[in-house]
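Student: I have a model on screen and some questions about how it is put together. Can we go through them one by one?

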Amino acid sequence: MEQIMTRPEPRILTVIDSFRITPNMHRITLGGAGLAGFPQGQSGGYVKLMLSGPQDGKATVRTYTIRHQSESTIDVDFALHGAHEESGPATRWATNAQAGDLVKVGGPGAAKPLPDGPGPFLLVGDMTALPAMSVNLEALPEDATGNIIILIRDTADKQDLIKPEGVTVQWLVDADLGANPSLLSDAVREVPAIDTLAYAWAACEFEAMKLLRQYLRVEHGFGSERLYISSYWKRGLIEDEHKQVKRIDAEAIS
Ligand SMILES: Cc1cc2nc3c(=O)[nH]c(=O)nc-3n(C[C@H](O)[C@H](O)[C@H](O)COP(=O)(O)OP(=O)(O)OC[C@H]3O[C@@H](n4cnc5c(N)ncnc54)[C@H](O)[C@@H]3O)c2cc1C
(Lines give C-alpha, C1' and ligand atoms only; values in the text may rest on other atoms or scores of the structure.)
Protein backbone atom coordinates (compact mmCIF):
# COMPACT_ATOMS: atom_id res chain seq x y z
CA MET A 1 0.00 0.00 0.00
CA GLU A 2 1.32 3.44 -0.88
CA GLN A 3 2.32 5.42 2.18
CA ILE A 4 1.34 9.08 2.17
CA MET A 5 3.91 11.23 3.97
CA THR A 6 2.40 14.29 5.59
CA ARG A 7 4.49 17.31 6.48
CA PRO A 8 4.32 18.24 10.15
CA GLU A 9 2.20 21.36 10.71
CA PRO A 10 4.33 24.47 11.33
CA ARG A 11 4.42 25.59 14.96
CA ILE A 12 4.84 28.90 16.68
CA LEU A 13 7.96 28.80 18.84
CA THR A 14 9.18 31.30 21.41
CA VAL A 15 12.69 32.75 21.49
CA ILE A 16 14.11 31.68 24.86
CA ASP A 17 17.60 33.07 24.36
CA SER A 18 19.59 34.94 21.71
CA PHE A 19 23.35 35.38 21.92
CA ARG A 20 26.64 35.40 20.00
CA ILE A 21 28.70 32.22 20.41
CA THR A 22 31.62 33.50 18.31
CA PRO A 23 31.93 36.82 16.44
CA ASN A 24 30.17 35.47 13.33
CA MET A 25 27.88 32.80 14.76
CA HIS A 26 24.65 33.73 16.52
CA ARG A 27 22.63 31.21 18.54
CA ILE A 28 18.87 31.31 19.02
CA THR A 29 17.31 28.94 21.55
CA LEU A 30 13.68 28.19 20.71
CA GLY A 31 11.07 26.62 22.94
CA GLY A 32 7.76 27.42 24.59
CA ALA A 33 4.37 25.73 24.43
CA GLY A 34 4.59 25.44 20.63
CA LEU A 35 7.40 22.90 20.91
CA ALA A 36 5.11 20.37 22.63
CA GLY A 37 5.07 17.14 20.64
CA PHE A 38 8.18 18.02 18.61
CA PRO A 39 9.95 14.67 18.17
CA GLN A 40 13.09 14.02 20.23
CA GLY A 41 16.45 13.03 18.72
CA GLN A 42 16.38 15.65 15.95
CA SER A 43 19.84 17.21 16.47
CA GLY A 44 21.41 17.53 13.02
CA GLY A 45 17.98 17.62 11.35
CA TYR A 46 16.67 20.86 9.93
CA VAL A 47 13.82 23.29 10.45
CA LYS A 48 12.24 25.84 8.14
CA LEU A 49 11.93 29.33 9.60
CA MET A 50 8.84 31.00 8.17
CA LEU A 51 9.33 34.71 8.58
CA SER A 52 6.47 37.04 7.81
CA GLY A 53 6.97 39.01 4.60
CA PRO A 54 7.23 42.79 4.63
CA GLN A 55 3.87 43.57 3.00
CA ASP A 56 2.17 40.75 1.16
CA GLY A 57 1.96 38.45 4.18
CA LYS A 58 3.78 35.67 2.27
CA ALA A 59 6.27 33.85 4.47
CA THR A 60 9.99 34.01 3.71
CA VAL A 61 11.23 30.48 4.27
CA ARG A 62 14.82 29.72 5.35
CA THR A 63 16.46 26.40 6.26
CA TYR A 64 18.52 25.89 9.45
CA THR A 65 20.05 22.94 11.27
CA ILE A 66 19.02 21.90 14.77
CA ARG A 67 22.37 22.23 16.51
CA HIS A 68 21.19 20.86 19.91
CA GLN A 69 17.93 19.59 21.23
CA SER A 70 16.99 19.36 24.88
CA GLU A 71 13.68 18.11 26.26
CA SER A 72 12.13 21.57 25.97
CA THR A 73 14.31 23.57 23.54
CA ILE A 74 16.14 23.51 20.24
CA ASP A 75 19.23 25.59 19.40
CA VAL A 76 19.79 27.04 15.94
CA ASP A 77 23.13 28.64 14.99
CA PHE A 78 23.13 31.38 12.35
CA ALA A 79 26.34 32.04 10.40
CA LEU A 80 26.48 35.80 9.87
CA HIS A 81 27.06 37.09 6.34
CA GLY A 82 29.82 39.66 6.86
CA ALA A 83 29.67 42.39 4.23
CA HIS A 84 26.29 40.96 3.18
CA GLU A 85 25.00 41.03 6.79
CA GLU A 86 21.96 43.16 6.15
CA SER A 87 20.93 41.21 3.06
CA GLY A 88 19.40 38.11 4.59
CA PRO A 89 16.02 38.18 6.34
CA ALA A 90 16.82 35.10 8.44
CA THR A 91 20.16 36.45 9.60
CA ARG A 92 18.61 39.86 10.25
CA TRP A 93 15.78 38.23 12.19
CA ALA A 94 18.22 36.19 14.32
CA THR A 95 20.51 39.06 15.23
CA ASN A 96 17.53 41.23 16.26
CA ALA A 97 15.59 38.50 18.08
CA GLN A 98 14.86 38.91 21.76
CA ALA A 99 13.58 36.54 24.42
CA GLY A 100 9.79 36.32 24.12
CA ASP A 101 9.67 36.89 20.33
CA LEU A 102 7.57 34.38 18.38
CA VAL A 103 8.54 32.64 15.13
CA LYS A 104 6.78 30.17 12.86
CA VAL A 105 8.83 27.02 12.31
CA GLY A 106 8.26 24.04 10.02
CA GLY A 107 9.90 20.64 10.29
CA PRO A 108 11.83 18.79 11.46
CA GLY A 109 13.47 17.40 8.34
CA ALA A 110 15.82 14.45 8.49
CA ALA A 111 19.47 14.71 9.57
CA LYS A 112 22.28 13.48 7.31
CA PRO A 113 24.34 11.39 9.75
CA LEU A 114 27.56 9.53 9.04
CA PRO A 115 27.34 5.76 8.65
CA ASP A 116 28.17 3.52 11.63
CA GLY A 117 31.75 2.48 12.19
CA PRO A 118 35.14 4.07 12.84
CA GLY A 119 35.70 5.59 9.39
CA PRO A 120 38.07 7.04 8.31
CA PHE A 121 35.74 9.97 7.61
CA LEU A 122 36.14 13.29 5.86
CA LEU A 123 33.84 16.12 6.91
CA VAL A 124 34.12 19.37 5.02
CA GLY A 125 32.07 22.53 5.05
CA ASP A 126 31.78 26.22 5.73
CA MET A 127 30.23 27.96 8.74
CA THR A 128 26.69 27.19 7.60
CA ALA A 129 27.48 23.47 7.93
CA LEU A 130 29.36 23.75 11.21
CA PRO A 131 26.20 22.97 13.23
CA ALA A 132 25.52 19.78 11.23
CA MET A 133 29.18 18.73 11.24
CA SER A 134 29.39 19.29 15.01
CA VAL A 135 26.40 17.01 15.57
CA ASN A 136 27.92 14.33 13.35
CA LEU A 137 31.30 14.56 15.10
CA GLU A 138 29.68 14.22 18.53
CA ALA A 139 28.02 10.99 17.43
CA LEU A 140 31.23 9.28 16.29
CA PRO A 141 32.59 6.31 18.22
CA GLU A 142 35.75 6.96 20.28
CA ASP A 143 37.96 5.01 17.90
CA ALA A 144 36.85 6.93 14.80
CA THR A 145 39.49 8.57 12.63
CA GLY A 146 39.47 11.11 9.86
CA ASN A 147 39.72 14.76 8.91
CA ILE A 148 37.42 17.70 9.34
CA ILE A 149 38.00 20.85 7.29
CA ILE A 150 35.96 23.91 8.21
CA LEU A 151 35.89 27.33 6.58
CA ILE A 152 35.19 30.15 9.03
CA ARG A 153 35.18 33.93 8.70
CA ASP A 154 37.59 34.75 11.52
CA THR A 155 40.05 32.77 13.64
CA ALA A 156 37.87 33.74 16.61
CA ASP A 157 35.05 31.69 15.04
CA LYS A 158 36.83 28.45 15.93
CA GLN A 159 34.71 26.36 18.28
CA ASP A 160 35.70 23.63 20.73
CA LEU A 161 34.54 20.54 18.93
CA ILE A 162 33.59 17.38 20.77
CA LYS A 163 35.27 14.71 18.69
CA PRO A 164 37.32 11.53 18.85
CA GLU A 165 41.09 12.10 19.26
CA GLY A 166 41.77 10.43 15.92
CA VAL A 167 39.87 13.08 13.97
CA THR A 168 42.13 15.95 12.88
CA VAL A 169 40.64 19.44 12.58
CA GLN A 170 41.77 22.01 10.03
CA TRP A 171 40.31 25.51 10.18
CA LEU A 172 40.44 27.70 7.07
CA VAL A 173 39.75 31.40 7.40
CA ASP A 174 38.23 33.76 4.82
CA ALA A 175 36.44 36.93 5.89
CA ASP A 176 34.35 36.91 2.71
CA LEU A 177 32.65 33.53 2.94
CA GLY A 178 31.97 32.07 -0.51
CA ALA A 179 34.23 34.54 -2.36
CA ASN A 180 36.94 31.93 -2.92
CA PRO A 181 35.16 28.71 -3.82
CA SER A 182 38.35 26.64 -4.27
CA LEU A 183 39.53 27.03 -0.66
CA LEU A 184 37.76 23.90 0.60
CA SER A 185 38.57 21.68 -2.39
CA ASP A 186 42.22 22.80 -2.39
CA ALA A 187 42.48 21.71 1.25
CA VAL A 188 40.72 18.41 0.52
CA ARG A 189 43.18 17.74 -2.31
CA GLU A 190 45.92 17.74 0.36
CA VAL A 191 44.22 15.04 2.46
CA PRO A 192 46.36 11.90 2.12
CA ALA A 193 45.02 8.50 1.07
CA ILE A 194 41.66 9.92 -0.02
CA ASP A 195 40.72 6.60 -1.64
CA THR A 196 40.88 4.81 1.72
CA LEU A 197 38.10 6.98 3.21
CA ALA A 198 35.02 5.10 4.35
CA TYR A 199 32.76 8.12 3.83
CA ALA A 200 32.91 11.81 2.94
CA TRP A 201 30.34 14.39 4.10
CA ALA A 202 30.34 17.89 2.61
CA ALA A 203 28.06 20.93 2.71
CA CYS A 204 28.90 24.51 1.79
CA GLU A 205 28.38 27.26 -0.78
CA PHE A 206 27.21 26.05 -4.23
CA GLU A 207 30.36 26.78 -6.29
CA ALA A 208 32.59 25.34 -3.55
CA MET A 209 30.37 22.24 -3.47
CA LYS A 210 30.78 21.76 -7.23
CA LEU A 211 34.59 21.80 -6.93
CA LEU A 212 34.45 19.27 -4.07
CA ARG A 213 32.08 17.09 -6.05
CA GLN A 214 34.41 17.19 -9.05
CA TYR A 215 37.29 15.95 -6.90
CA LEU A 216 35.48 13.34 -4.82
CA ARG A 217 32.85 12.02 -7.18
CA VAL A 218 34.41 12.50 -10.62
CA GLU A 219 38.16 12.19 -9.95
CA HIS A 220 37.97 9.65 -7.10
CA GLY A 221 34.76 7.81 -7.88
CA PHE A 222 32.92 8.39 -4.60
CA GLY A 223 29.36 7.12 -5.18
CA SER A 224 26.33 8.00 -3.07
CA GLU A 225 27.05 5.05 -0.74
CA ARG A 226 30.29 6.82 0.26
CA LEU A 227 29.39 10.48 -0.18
CA TYR A 228 26.89 13.04 1.09
CA ILE A 229 27.39 16.35 -0.68
CA SER A 230 25.07 19.34 -0.69
CA SER A 231 25.09 23.07 -1.25
CA TYR A 232 23.56 25.02 1.64
CA TRP A 233 23.54 28.42 -0.08
CA LYS A 234 24.79 30.21 -3.19
CA ARG A 235 26.67 33.46 -3.15
CA GLY A 236 24.58 36.26 -4.67
CA LEU A 237 21.29 34.33 -4.56
CA ILE A 238 18.59 34.23 -1.91
CA GLU A 239 17.50 30.80 -0.67
CA ASP A 240 14.56 30.43 -3.10
CA GLU A 241 16.82 31.20 -6.09
CA HIS A 242 19.50 28.85 -4.79
CA LYS A 243 16.93 26.05 -4.53
CA GLN A 244 16.08 26.46 -8.21
CA VAL A 245 19.75 26.36 -9.27
CA LYS A 246 20.21 23.30 -7.05
CA ARG A 247 17.28 21.53 -8.71
CA ILE A 248 18.63 22.23 -12.22
CA ASP A 249 22.10 21.05 -11.15
CA ALA A 250 20.70 17.84 -9.64
CA GLU A 251 18.83 17.09 -12.88
CA ALA A 252 21.93 17.80 -14.96
CA ILE A 253 24.15 15.37 -13.03
CA SER A 254 21.61 12.57 -12.55
C1 LIG B 1 19.79 21.63 5.04
C2 LIG B 1 20.36 23.05 5.31
C3 LIG B 1 20.79 23.36 6.58
C4 LIG B 1 21.33 24.63 6.85
N5 LIG B 1 21.76 24.92 8.11
C6 LIG B 1 22.27 26.15 8.38
C7 LIG B 1 22.70 26.48 9.71
O8 LIG B 1 22.55 25.70 10.66
N9 LIG B 1 23.25 27.71 9.92
C10 LIG B 1 23.40 28.63 8.88
O11 LIG B 1 23.90 29.72 9.13
N12 LIG B 1 22.97 28.35 7.63
C13 LIG B 1 22.41 27.15 7.36
N14 LIG B 1 21.98 26.87 6.10
C15 LIG B 1 22.16 27.90 5.06
C16 LIG B 1 21.08 28.99 5.11
O17 LIG B 1 19.81 28.38 4.87
C18 LIG B 1 21.38 30.04 4.01
O19 LIG B 1 22.60 30.66 4.27
C20 LIG B 1 20.27 31.06 3.86
O21 LIG B 1 20.37 31.59 2.56
C22 LIG B 1 20.35 32.20 4.86
O23 LIG B 1 19.18 32.99 4.73
P24 LIG B 1 19.18 34.58 4.81
O25 LIG B 1 17.75 35.01 4.87
O26 LIG B 1 20.09 35.03 5.90
O27 LIG B 1 19.84 35.02 3.42
P28 LIG B 1 19.16 34.99 1.94
O29 LIG B 1 18.03 35.93 1.86
O30 LIG B 1 18.90 33.57 1.55
O31 LIG B 1 20.37 35.54 1.09
C32 LIG B 1 20.71 36.95 1.09
C33 LIG B 1 22.13 37.13 0.54
O34 LIG B 1 23.07 36.60 1.49
C35 LIG B 1 23.89 35.61 0.86
N36 LIG B 1 24.16 34.56 1.84
C37 LIG B 1 23.34 33.56 2.26
N38 LIG B 1 23.94 32.82 3.21
C39 LIG B 1 25.17 33.37 3.38
C40 LIG B 1 26.26 33.08 4.24
N41 LIG B 1 26.21 32.07 5.12
N42 LIG B 1 27.38 33.86 4.18
C43 LIG B 1 27.45 34.91 3.31
N44 LIG B 1 26.44 35.24 2.47
C45 LIG B 1 25.32 34.48 2.52
C46 LIG B 1 23.08 35.12 -0.33
O47 LIG B 1 23.90 34.61 -1.35
C48 LIG B 1 22.36 36.38 -0.77
O49 LIG B 1 23.20 37.19 -1.57
C50 LIG B 1 21.42 25.61 5.80
C51 LIG B 1 20.95 25.28 4.52
C52 LIG B 1 20.42 24.01 4.27
C53 LIG B 1 19.92 23.68 2.88
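Student: Let us start with one residue. Leaving aside neighbours within four places in sequence, which residues is Ala187 in contact with?
Tutor: Keep in mind that this is a predicted model. Two residues are in contact if their C-beta atoms lie within 7 Å. Leaving aside neighbours within four places in sequence, the partners of Ala187 are Ile149, Gln170 and Leu172.

Student: Is Ala187 buried, partly exposed or exposed?
Tutor: A residue is buried at 20 or more other C-beta atoms within 10 Å, and exposed at 12 or fewer. Ala187 has 17 such atoms within 10 Å, so it falls in between: partly exposed.

Student: Which helix holds Ala187, and which of that helix's residues are buried?
Tutor: Ala187 sits in α3, residues 182–189. The cover over the buried residues of α3 includes β8, β9, β10, β11 and α4 (206–219). Those buried residues are Leu183, Leu184, Ser185 and Val188.

Student: How far apart in space are Ala187 and Val124?
Tutor: In sequence, Ala187 and Val124 are 63 residues apart. From C-alpha to C-alpha, the separation is 9.5 Å.

Student: Now α2. Why is helix α2 described as largely enclosed by the rest of the structure?
Tutor: Helix α2 spans residues 130–138. The cover over its buried residues includes β4, β6, β8 (121–126), β9 (146–152), β10 (167–173) and β11 (199–205). The buried residues are Leu130, Pro131, Ala132, Met133, Ser134, Val135, Asn136 and Leu137.

Student: Which residues touch the most other members of the largest nonpolar core?
Tutor: The largest nonpolar core has 55 residues. This core draws at least three residues from each of domain 1 and domain 2. The members that touch the most others are Leu184, Ala202, Cys204 and Leu212.

Student: Take Cys204. Which residues does Cys204 touch, not counting those up to four places away in sequence?
Tutor: Cys204 is one of the core residues that touch the most other members. Not counting residues up to four places away in sequence, Cys204 touches Gly125, Asp126, Ala129, Leu151, Leu184, Met209, Ser231 and Tyr232.

Student: Is Leu30 buried or exposed?
Tutor: Leu30 lies in strand β2, residues 25–31. Leaving aside neighbours within four places in sequence, its contacts are Leu13, Thr14, Val15, Ile16, Thr73, Ile74, Val76 and Val105. Leu30 has 26 other C-beta atoms within 10 Å, so its class is buried.

Student: How is the protein divided, and what distance separates the centres of the domains?
Tutor: The protein is divided into domain 1 (11–109) and domain 2 (121–253). Taken over C-alpha atoms, the distance between their centres is 22 Å.

Student: How many residues does each domain bring to the contact, and which element gives the most on the domain 1 side?
Tutor: The contact takes 14 residues from domain 1 and 16 residues from domain 2. On the domain 1 side, β4 and β6 are the elements that give two or more residues. By class, that side has four nonpolar, seven polar and three charged residues. The element that gives the most, with three residues, is β4.

Student: Where does the ligand shell lie relative to the domains?
Tutor: The shell has 27 residues, and the closest are Thr65, Ala79, Gly88, Ala90 and Thr128. Domain 1 and domain 2 both give residues to the shell, so it lies between them.

Student: Which element supplies the largest share of that shell?
Tutor: By class, the shell has 12 nonpolar, 10 polar and five charged residues. At least two residues come from each of β4 (59–65), β6 (74–79), α1 (89–96) and β12 (227–233). The largest share, four residues, comes from β4.

Student: Last, the whole protein. What is its radius of gyration?
Tutor: The protein has five helices and 12 strands. It is as compact as a globular protein of its length, because the globule rule gives 18 Å for 254 residues and the radius of gyration is close to that, at 18 Å.

Student: What percentage of the residues is buried?
Tutor: The C-alpha atoms fill a box of roughly 50 × 45 × 40 Å along the principal axes. Of the 254 residues, the buried share is 36%.

Terms used
Residues numbered from 1 in each chain as written. Predicted model: local features only at pLDDT ≥ 70, side-chain atom pairs only at ≥ 80, totals over all residues. Near = placed C-beta within 6 Å. Nonpolar A, V, L, I, M, F, W, Y, C, P; charged D, E, K, R; others polar. Domains from an automatic or database assignment. Rg over C-alpha atoms; globule rule 2.2 N^0.38 Å. Core = buried A, V, L, I, M, F, W, Y, C linked by C-beta atoms within 7 Å.
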